[in-house]
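Good morning, everyone. Let's walk through one protein fold. Please look at the screen.

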Amino acid sequence: MKAKKISHVGIAVKSLDAALPLYRDVLGMEFEGTEEVAEQKVRVAFFISGESRIELLEATSEDSPVAKFIEKNGEGVHHLAYEVDDLSEAIAALQEQGVRLIDTEPRRGAHGTAIAFLHPKATGGVLTELCQPGKH
């Protein structure tokens, strides 16, 4: 498995509407738009920052993992995502190495990507996402 690049940094926010102006107007990042990912119980907004993106995550349900994260930790960095060429292959390689995973199968993420999360206990306390663009 090889992580090609940092795909995005996920930031949990209580309100996309309240957070958008900082990234768009103050920091001058290019706004790509918003999308609801029903399976993840979030609404996301993406901003371009060089070759990477900033992903703002707003919970759409009180039982959303993002809502639980904000309740426990407050708003802030939620996860770091790395792009891979073949997500299924990456998951298999990590399982062979005994890496603790949250997802053992790819699932749908924003912008038609396939995603899978590694458990923070396996990654030095950082929730880590692997993503493969255009797979779902």
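Start with the sheet. Its 8 strands form an open sheet, ordered E2-E3-E4-E1-E5-E8-E7-E6, with mixed pairing. Strands here are DSSP runs of E, at least two residues, and helices are runs of H or I, at least four, numbered from the N terminus. Two strands pair if DSSP finds at least two bridges between them. Strand E2 (30–37) and strand E6 (107–108) stand at the edges with a single partner strand each, so one side of each has no neighbour in the sheet.

A word on the source. This is a predicted model: local features need pLDDT of at least 70, and side-chain atom pairs pLDDT 80 or more, while totals for chains, interfaces and linings use all residues. Residues are numbered from 1 along each chain as its sequence is written, and side-chain values use heavy atoms, without hydrogens and water.

E6 runs antiparallel to strand E7 (residues 114–118), joined by 2 bridges. Arg107 has Ile115 in E7 as its bridge partner.

Arg107 also forms a salt bridge with Asp103, at 2.9 Å, N to O. A salt bridge means a side-chain nitrogen of Lys or Arg within 4 Å of a carboxyl oxygen of Asp or Glu. Asp103 is buried at 10% relative accessibility; Arg107 is partly exposed at 26%. Buried means under 20% relative accessible area, exposed over 50%, partly exposed in between (1.4 Å probe, protein chains only).

How many salt bridges does the structure hold? It holds 10. One of them joins Glu83 and Lys5. Glu83 sits in strand E5 and Lys5 in strand E1, 78 residues apart.
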